[in-house]
Amino acid sequence: MQVHVHQEIQVQEIFNKMKYLPSWLFISIIISCGVSCVHSLRWCCKSINELRKCRHLRQASDEAGTPYFDFDCVIKDGVEGCMRALKNGVADVIDIDGGDVFRYKNDIVLAAAENRGVDDASYFAVAVVHKGADDNLSLHNLIGYKSCHTSIGKTAGWNMPMGWLARMNYNRAPFSQSCAPGANNPEFLGLVPDNNPTKWCALCIGDEHGDHVCDRDSDERYYGYHGAFQCLKDGKGDVAFVKHSIPIEPGVDQSKFQLLCRNETRPRAPPADWRNCNIGRVPSHAVVMDVARATEENARNVAEILNRAKAALEFDFNSYGGKNLLWSSSTVSFLPRILMSPREFMGEDYYCNTHALHTNQVADGC
Ligand SMILES: *[C@@H]1O[C@H](CO)[C@@H](O)[C@H](O)[C@H]1NC(C)=O
Ligand SMILES: *[C@@H]1O[C@H](CO)[C@@H](O)[C@H](O)[C@H]1NC(C)=O
């Protein structure tokens, strides 16, 4: 609200001075102020539906006539178009996911992070095994074991475990057999480390008729978080790569499972200990600005405006016009992350795993 506080003070000052100033000066002050100080930050919308929501949110104002969602709405073509707009100075703010924070890490700084109840993490990626699984099976020795993945190219089920292997300079294809739905899809062939999609689909079972085996959608019964966990429960895989909330869901007998930890002196832990035993904290979506043009004041305003709008607009803020428009529908609040660097926000594991996965090289400091 700082922009408006300044405005009000300036307007008051103008009226005080009016008594003493010639009217031409008064008019020129109004004109120059009209250009420079009545300026909301511009939110970049990635689609028509986002633009509709943005304009709708902007309509509601407080008693002083200030919109709660005090942003101008700009539309560009997807994340890519918006990132260009930020760089070129025709938009100021956008909410992007962790993958895009990594992709655009050199161009952005943070203003805020979505809080979905796990601080500024979306979730943690974990490796689940049966309690009592052979002691040789660990995050440092996966060779010859069987694996269950949510699907190829997904964050917890693929990017974090495969990035971990790359970062540690371990064999990128250690498993004897796997179910990684989508591995036989030509579109994802580039992600298969050993060019042997058959092996990566070997444990998949398809639908109830045995069709659609290894499809990258829910026709494949071992697809997704629950599918990968089922693949482990059915005894097909020795390890399942999922998110931390899966083995602690109501109805799961947690005493039957363990997580594999990176720490070699404490190689396994109960599912409830996911904070200390995981293969990467996956950052939440973040509200970012251009690194060259962001100011501390603007970044602070962004976080404040969002939380004020969230409180005032309630249902509309997360749900108007559909799911996940402008930000995630599960956002509880926005955490100020004023001018935080992307690398600090991503955290060591996410940054190091993703970097190794993309470049096949270990980044400095990893
Ligand atoms: C574990 O590894 C050791 C040493 O390589 C080997 O002797 C042993 O048979 C392995 N245990 C199982 C259950 O595979
Ligand atoms: C690894 O586990 C041991 C034993 O629980 C603990 O003392 C140590 O602090 C852990 N190391 C790290 C880096 O977490």
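## The four-stranded sheet

Four strands make up an open sheet, ordered β3-β12-β4-β13, with antiparallel pairing. Strands here are DSSP E runs of at least two residues, helices are H or I runs of at least four, and both are numbered from the N terminus. Two strands pair if DSSP finds at least two bridges between them. The edges are β3 (94-96) and β13 (333-336); each has a single partner strand, so one side of each lacks a neighbour in the sheet. On average, neighbouring strands are turned by 35 degrees against each other, direction ignored.

Strand β4 (residues 108-115) and β13 run antiparallel and are joined by four bridges. A113 has L335 in β13 as its bridge partner.

## Model and numbering

This is a predicted model: local features need pLDDT of at least 70, side-chain atom pairs count only at pLDDT 80 or more, and totals for chains, interfaces and linings use all residues. Residues are numbered from 1 along each chain as its sequence is written, while chains are lettered from A and ligands numbered from 1 in the order in which they are written.

The protein has 12 helices and 13 strands. Of its 366 residues, 43% count as buried. Buried requires 20 or more other C-beta atoms within 10 Å of the residue's own; exposed means 12 or fewer, and partly exposed lies in between, with C-beta atoms placed from the backbone. Contacts are pairs with C-beta atoms, placed from the backbone, within 7 Å. Among contacts with a separation of 6 or more, 71% link residues 24 or more positions apart.

## Helix α9

Helix α9 lies across β4, β12 (286-290) and β13, and runs at about 160 degrees to β13. Axes are lines fitted to C-alpha atoms, for helices over the stretch in contact; angles run from 0 to 180 degrees between N-to-C directions.

The helix covers residues 296-313, and its end C-alpha atoms are 26 Å apart, in agreement with the 26 Å that 18 residues should span at 1.5 Å a residue. The expected span is 1.5 Å times one less than the number of residues. Its buried residues are A299, N301, V302, A303, I305, L306 and A309. Just after α9, E314 takes a positive phi of about 45 degrees.

## The nonpolar core

The largest nonpolar core has 101 residues. Such a core is a set of buried Ala, Val, Leu, Ile, Met, Phe, Trp, Tyr and Cys residues joined through C-beta atoms within 7 Å. C44, A111, V128, A240, V242 and V288 have the most contacts inside it. Strand β5 (residues 121-130) gives the largest share, eight residues. Domain 1 (40-117 + 287-342) and domain 2 (121-282) both contribute, so the core lies between them. These bounds come from an automatic or database domain assignment.

Leaving aside neighbours within four places in sequence, A111 touches V93, V287, V288, M289, A299, V302, A303, R337 and I338.

## Helix α12

Nine of the 12 residues of α12 are buried, so the helix is largely enclosed by the rest of the structure. The buried residues pack against α5 (98-103), α6 (155-167), β11 (280-283) and α11 (342-346). After α12 comes N360, with a positive phi near 60 degrees.

N195 is not a glycine, yet has a positive phi of about 55 degrees. With 9 C-beta neighbours inside 10 Å, N195 counts as exposed.

L326 lies in the loop between α10 (315-319) and β13. L326 is not a glycine either, and its phi is positive, about 70 degrees. With 28 C-beta neighbours inside 10 Å, L326 counts as buried.

Technical notes: Two residues are in contact if their C-beta atoms, placed from the backbone, lie within 7 Å.
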